[in-house]
Amino acid sequence: MNAMTKTGVAALKLDDLRKNFGKSEIIRGIDLEIGDGERHAVIGPNGAGKSTLFNLITGRFPPTSGKVYLHGQDLAGKAPYEINRMGLSRSFQITNIFPKMTVFENVRCSLLWSEGYRYSFWNIVNRAQHLTEEADRILEQINLTERRELPAGVLSYAEQRALEIGITMAGGADVIMLDEPTAGMSHSETDYIVDLIRKVTEKKTLIMVEHDMGVVFGLADRISVLVYGEIIATGKPEEVRANARVQEAYLGAALEAEH
Amino acid sequence: MHYTARCGLGAAMALFLGTTAAFADNVKIAFIDPLSGAFAATGTNGLNQFEFAAQTLVNDKGGVLDGDMFEIVAFDNKVSPKESLIQLQVAIDQGIHYVVQGNSSGVANALTEAIDKHNRRNPENQVLFLNYSAVDPALTNEKCNFWHFRFDANADMKMDTLTDAIAADPNIKKVYIIGQDYSFGKAVSAAANQMLAEKRPDIEVVGDELHPIGKVKDFTPYARKIQSSGADAVITGNWGADMFGLGKSILDNGFTGPIYTYYAAADGMTAAFGETGDGHIRLVSEGASNPPPTPEAAAYIEAFKTKYPDGNVSQSRITNTIEMLAAAINEAGTATDVVKVANALEGMEHKNMWGGTVYMRPEDHQGIQDLHVFVHTNDGITYDYDNSGYGMLTETTVQNAGMDSPTTCDMKRP
Amino acid sequence: MTDLTQKTAHVPPAVTLGNTLPWILSIAFLAIAPQIFSSNSAITIMNQMGITIVFALAYNMLLGQGGMLSFGHAVYMGVGGFACVHIMNMETFFSYLPLPFLPIFGGVVGMLLAVIVGSFSTRRAGTVFAMISLGVGELIAACSVIIVVFFGGEEGISGDRTYGMPFFGIEFLQHIEVYYLTAFWLLLSAFLMFMFSRTPVGRMANAVRDNPERAEFLGYSSRWVRFYSFVASGFFCGIAGGLFAINYEILTEENLNLATSGGILLMTFLGGAGFFFGPVIGAVVFILLQTVLGLQTDLWALYVGALFLATVMFFPGGFAGLLMMHVTPIRLGKMHVLYVPYLKTFIPGILAVLGICSVIEIVFHARHAPLGDEDMTIFWTTFNSHSIVAWIVAIAIAVIGVWLTKKAAPGLVEAWHEANTPDKGASA
Amino acid sequence: MDLVLVNLIDGLVTGLLLFMLSAGLTLIFSMMGVLNFAHASFYMLGAYFAYQISVYLGFWVGLLLAPPLVGVLGALVERYGLRRVHQYGHVPELIFTFGLALMIEELVQFIWGRNAVNYVSPEILNFTAFSIAGNAIPAYKVFMIFISLGIFIALLYVLTKTRVGMIIQAALSYPRTVEALGHNVPLIFMGVFGVGTALAGVAGVIAGPVLSTFPGMAIVLGSIVFVTIVIGGLGSLGGALVASLLIGWLTTFAKAYNIRMEDILTGVGFSKPEPIWDSMWQDLWTITSPQIADILPYLLMVLILVFRPYGLFGKRDA
C-alpha cells in the first residue's frame, strides 16, 4: 500500500518532530507519513523513544519543535481531548481503564462524546437505547459480554488489555494508536489480542508500538524502525527485514531472541 | 459527667417519643451554653455556678411557690447559633419555660429572635430568656423584646465605668483602643471614643483598631504599634485566647501602663497572666469579691470553692438571675404563665449579697447594678481565681451604673 | 462500584419496581415520620437531617462521584442561605414570593459562586483542588465578619419566613409545615441529583474520578467535567442553604466555617462516598450521634473522631459499603452462614467497645469532675469513679471483650469467604 | 524607620517558624504525595509534650526530648495508619490525616484540658536582648531565630551532603528507581514522615511559650501552613522558605501599619460616599490592613493560583 491515499492527504504526518527533556534529545527529527487505512508498526529497542513519540502525537507532551498533522490539520497546541475529537484515539502501555466502573460503563463512557452527548445533563444515558446497543456490540466484539457488570478492576490482565482496546475503538476514531497491546501476555493471549486487533481495526488507520515481532510482521502493512530517536528505516516488512542497518541496530538481536 | 448523664437520657427519650412536661413539679431552667469544644471551660464553670446557686439560694431554702424546686437542665450548644436553636426546641418540648444563656452575643441574638418568634407563634407555650452574660447593647436597644431580660450590664454601661476610672487618672494622656473585629469590638471602640471625648477631651486616642477575631497567631506587631504610639493605657474588649495573646504580647514587649479589659479574669486567664499582669490588668464587672462585700457573699464563695475547688465564682450575676427569678415566680404565683412572671420581673428591685441592688429597668429589661473596676494582683486578695494566688481587687465602684443611660428600645408587650 | 441498582436488562424501561421502590418507600417514610416522631424537637431534628442530607448528597457529587475532596464546601451552602435570608428581608418582593420557591434562589446563588470559584479551582484535581477549596473556604469565612453588609458580622443576619406570600393558605408558622416543605425539597433534590449521576456528564464524572487522563483520550476535558460537577454541586448546596434559611431563619459565620465543611466531609465519608445513598445514612447517623451521644457524654467528639478514623482505615466504603458487601452473600442465598459468626464476634465486640468507653469515661470523670462529686452514671449504673472496683470492672470488661472478639474473628473471616463463594454448579 | 527593623525581626521569627512546619510538610508531600493535614497537630503535640516534660525536668530537657517523641509518634502513625490507607489512594490518605487532626485535638483536650496550659520560656532567656526605639526584643526571640536557622542549615546539610540525603533527593524525583536500586522505600517513607513531624514538633516546642499552648493552636496555624506550601509550590523546599518568609513579613507589616482602604480609594480618585453607613460599599471603605492581615495569605494564595497555578516555585504536578 502506498503512503498516499485516495484523497492525497496522509492520515498522519510527522514533520521534523523533535523533543528534548532537559539537555537530552529523545526524539531527533522524525518525518513520517502514514496513509489512510494503513496498518503501521513502530519498532525499536528499549529507550528508542517509541512511547515518547506516541505521547507527542496524542498531545500528552508538547513537542520541542516540528509538527504533527492529522488528516492535514496541524495538532500544535491541541489538548488530548481536542485531538481525540478530531478522530485519533490511543491505548496505553500500562493498562489504563476506569477500574471502579463496570466493564459496560467503561465502554459506554468512551462512546459518549462521539455519539454527540458532550457535557449534557439533560439526557439520561440509561434511556439511550442506541448507546446501550452500541456498547454491547463492542463488548461482543472484544468477547467481554460475560463480564459486562463486573468492575473493570477485577478483570484478568488479558481481559483488561482487551477492554483497553475496546475503549480505544469505541469512540469511532479512524486513526487508532496502540501502545504495546500484547505486552506481558502469554502466546495464547497474544493470538487472541492479534485477532481482536485485526477485526476491530478493519478499514481504519492503525499505528502501533510492539515488541513481539510475530505480531508486528503478522499485522503491519509497513514498519518504521526507531533507534535513538531517529527513524532509520521505513518500509514493507520484507524490506525492513532485509535492511542492513536495521539488522545491525536492532532486528538481528531481536529476531534471534524470537526464534 | 453526672449532670449530662442525668439530663441526657430524659432528653434523648423526649426527643423521639414526644413526652412533654414529665416532671411538672420542678421549675426547670434550660442552661444553653458550650459544654464541649473550645469554650467548654467557661460554659462548665457557668453551669456549676447556676447549679450551686439554684441549690443553695432556692432549693435549700424551701424552693418557690409550694416547695417547687429549681432544676437546671444543661444543653450543650457548642457556641453555635444553629445548635442553640435546636437545643431551645428540645428544651421547649420538655416543658421548660426559662432559658439562661450568656456566652456569645451572636448566640444570644439568635436565641432572642427565635424565642420572640416562638412566643408569637405559640402563645400557649411561651418562654423567657434570661441573659446572664451577653453584653451586646443591641439586645436591650433596637433588638429588645418583652421576653428577654439581661442581668449583666451592657457593654456601654461597662465602658462608662471604665472611662470614669480612666478619667480619674491624671497620668493617662494617651489611650490605645484595640478590639476584635465584630459587633462587640466595634461597640467597645465607639463607646470608648465617645465617652473619653466627653469626660476627658484632653486624652488623645493614639490608636483605634480591630483585628480578626480568633485568627491572630501572634500579637507582637500590634504590641509594637501600641508601644511606639506612646500610649499610657490600652482599652480592649477582647476575650478568650485573643485577650490572653494580646495582653501577654503587650506586656512582654515592654508596655508598663494599665490595660483596661472586660474579660481578662478567671477560667485559666488569671493563672496565665500571673505575675506578668500584676498591677497592669484592669477589669470592669459587677460583684466584688476582694474585699468580700458581705459575710453572706464570703460564705457563699467558700461553700462554692469547697464543692468546686477548681472553679471560680466569677459571675456573681448568676446569683442575681436565680434569686430574682425565684422572687418573680413567687410574686406572680405561677411558674408556667411566663407573662405574669415577666411582669413581676419588670421593675423589680433586688438587694443582693454583693452589697448592692439590681433594678430591672422596665423600659428595656436591662438590669441596673453597681459596677466596679478591679485590678489583677496578689496583694490583699481573699478569694483568688484559678487557685493562682492572684485575684481581682476592687479599685473603684460606680453605684447603679448606667441608671440614666438612654435606650432606643420600643418594648412591645403582649 | 458506582451503583449496583442497574440491572442486566439491556434497555431498562423508565419505570420498574426495582428503580421506583426506594423512592416510593422514601416518600411514604417521609410522609409518616412526623406521625411517629411527633414532638417538636423530633421534627426539628428531622428538619436538620433533611437539610443535611441534601447538603451531604450535593457534597458527594464531588467527593464520591467526581473524586474531588473539598475542605471548604460549607461556603456554597452558606452563601446560598445568606442570599435567601436577604430575600426574606426584601419586604415587597418576599410578600409576592411563596416560601416553597425560596430555595431556588439559594441554589442559583450557590451555583453562581461555584461558577466563579470553579473556574480556577477545577483546573486540577486531588491535593491541589483540596488545598484551593480550603483556602477559598477560609477566605470567605474570614470575610464574613468583615463584609457586614452581606454576612451581618458575627451575629449573622436573620429574617422571618412567615412574611412570604401564603402558599395555599399555609404561612409556615409551625415546624410541621416546614417539615413537609423540607421533605419535598429533599425528595426533589435527591431525585435530581440521582438523575444527574445518570447523565453523560454525571457518568463522565465517574470516569474522570477513576482516571482523568484516560478520559481526556476519550474526547472529554477532565477539567470541564469537574467544572460541571462542581457547579451542579454548588446549586444543590445552595438549595440546602435555602432550606436552612427557612428552617432556622438565621445564618451566621458558623454556616461558612471550616468546622461545618469538615463535618460534611466526616458524615459523607462515614456514610459511604462510593454509593449514592451513602451520604443519606451518614447524615442521619451523624446527627443522631451528635444529638443523642452529645447528650450522654462530653466526649462525643472523641468517639465520633475515633469512629471516623476506624472507618477510613478499615471500611473505606463507609456504612453503605458495609451494607453493600452483603449483596453477594444474599444473592448467593448464603446469609445464614454469617449469622452465628456475626453474633460470636459482635457481642464481645460491642462489649469491648463499651468497656473501652467506660474506661475513658471513668478516667475523664476522675480527672475533671468537681471535687466531692465522685458519683458517675454510665449505662444506667451509678458508682464511684474513684473506687478501684469500678476501674477493675471496666478494664476487665474491655480486656475480655477484646480477647473474645479476637478469638472469634478468624471464624468470621472464614464464614465470610464461605458466604461469598458460590456453591458448585450454582452461579449467581 | 526603627520600627521597620523591629518588624523585620518579628516577621522573620514568624516566617522561620512557619518554615519549620512547611519544610516538614513539603518533605512528606514530595516523598509520599500525601498532604499531611494533621501536620499542625504534631506541632501542637510538640508544645504539649515539652510542657509536660518541662514541668518535671525543665525547658531544655523538653526541647531535647519532645521533638524525637513527636517524631516517633509520627513514624508510628505512618507505619500503622497511613500505610494501611495508602492502598486506597491519595484522597483517602488526605481524609485520614484530616480525621487524625480532629482526633489529636480531642485527645489533647482529654489529657490536658480545654484551657491553655502554663508553658513558659526558661528563666535564663527572660531578659531583653536589645531594644530598638523603646521596643524590646526579648532574648527568647533571638533564641528562636537561631534555633530555626540552625535547623534549616542542618536540614540543608543532610539533604545535600549525606548519603541519606542523596537517597531522599533521589526518591523525591524517582521513587520507583530508588526502590529498584534496593533501598527500602517504606522504611524511607516512615523515616521521612518521622523527621517531618519531628520538625513540626521542634516548632511547637519553641513556639508554645510565645504563642500560648492551647488545644486550638493547631487549627489556628494549620491552614496557614497549607497556604504557605501552595504559594511556594507543592513539593519545593526553596518555595516553602520563600513563601514562609513572605507570609511572615506580609502579615507583620500589614498589622504594624494602618493602611486604610479609604486612603487608597481616595488616592486613586474615588470619592467617599456619605453617609458611609448607608452605602453598600461601607465595608470596603472601612477596611484597614491590620483587620485583614491574617487573611492576606489566603488572598495571596487565590491570586497566585489564578495566575500561576503551580505556585511560585512549583514544577511537579501533583
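**Reading a core, a helix and an interface**

Mentor: Let's start at one residue of this predicted model. Setting aside neighbours within four places in sequence, V99(B) is in contact with A30(B), I32(B), L88(B), A91(B), L111(B), I115(B), V127(B), F129(B) and L130(B).

Trainee: Which residues touch the most other members of the largest nonpolar core?

Mentor: The general idea: in soluble globular proteins, nonpolar side chains tend to be buried together. Here the largest nonpolar core has 424 residues, and F31(B), V99(B), V54(C) and A240(C) touch the most other members. There's also a second, separate core of five residues, with A352(C), A390(C), A394(C) and A398(C) among them.

Trainee: On to helix 8 of chain D: what should its 27 residues span?

Mentor: Take 1.5 Å a residue, and residues 185-211 should span 39 Å; the end C-alpha atoms sit 37 Å apart, which agrees.

Trainee: Where does helix 8 of chain D bend?

Mentor: Look at V205(D), where the bend is about 30°, with a proline, P209(D), following within four residues. Just after the helix, S212(D) takes a positive phi of about 70°. As for cover, 23 of the 27 residues of helix 8 of chain D are buried.

Trainee: How many residues of chain D are in contact with chain C?

Mentor: Counting contacts instead, 38 residues of chain D meet 35 residues of chain C. Helix 4 of chain D gives the largest share of chain D's side, 13 residues. That side divides into 29 nonpolar, six polar and three charged residues.

Notes. Residues are numbered from 1 along each chain as its sequence is written. Chains are lettered from A and ligands numbered from 1 in the order in which they are written. This is a predicted model: local features need pLDDT of at least 70, side-chain atom pairs count only at pLDDT 80 or more; totals for chains, interfaces and linings use all residues. Helices (H or I, at least four residues) and strands (E, at least two) are DSSP runs, numbered from the N terminus. The expected span of a helix is 1.5 Å times one less than its number of residues. The bend at a residue is the angle between axes fitted to the seven residues ending there and the seven starting there. A residue is buried if 20 or more other C-beta atoms lie within 10 Å of its own, exposed if 12 or fewer, and partly exposed in between; C-beta atoms are placed from the backbone. Two residues are in contact if their C-beta atoms, placed from the backbone, lie within 7 Å. Ala, Val, Leu, Ile, Met, Phe, Trp, Tyr, Cys and Pro count as nonpolar, Asp, Glu, Lys and Arg as charged, and the others, Gly among them, as polar. A nonpolar core is a set of buried Ala, Val, Leu, Ile, Met, Phe, Trp, Tyr and Cys residues joined through C-beta atoms within 7 Å.
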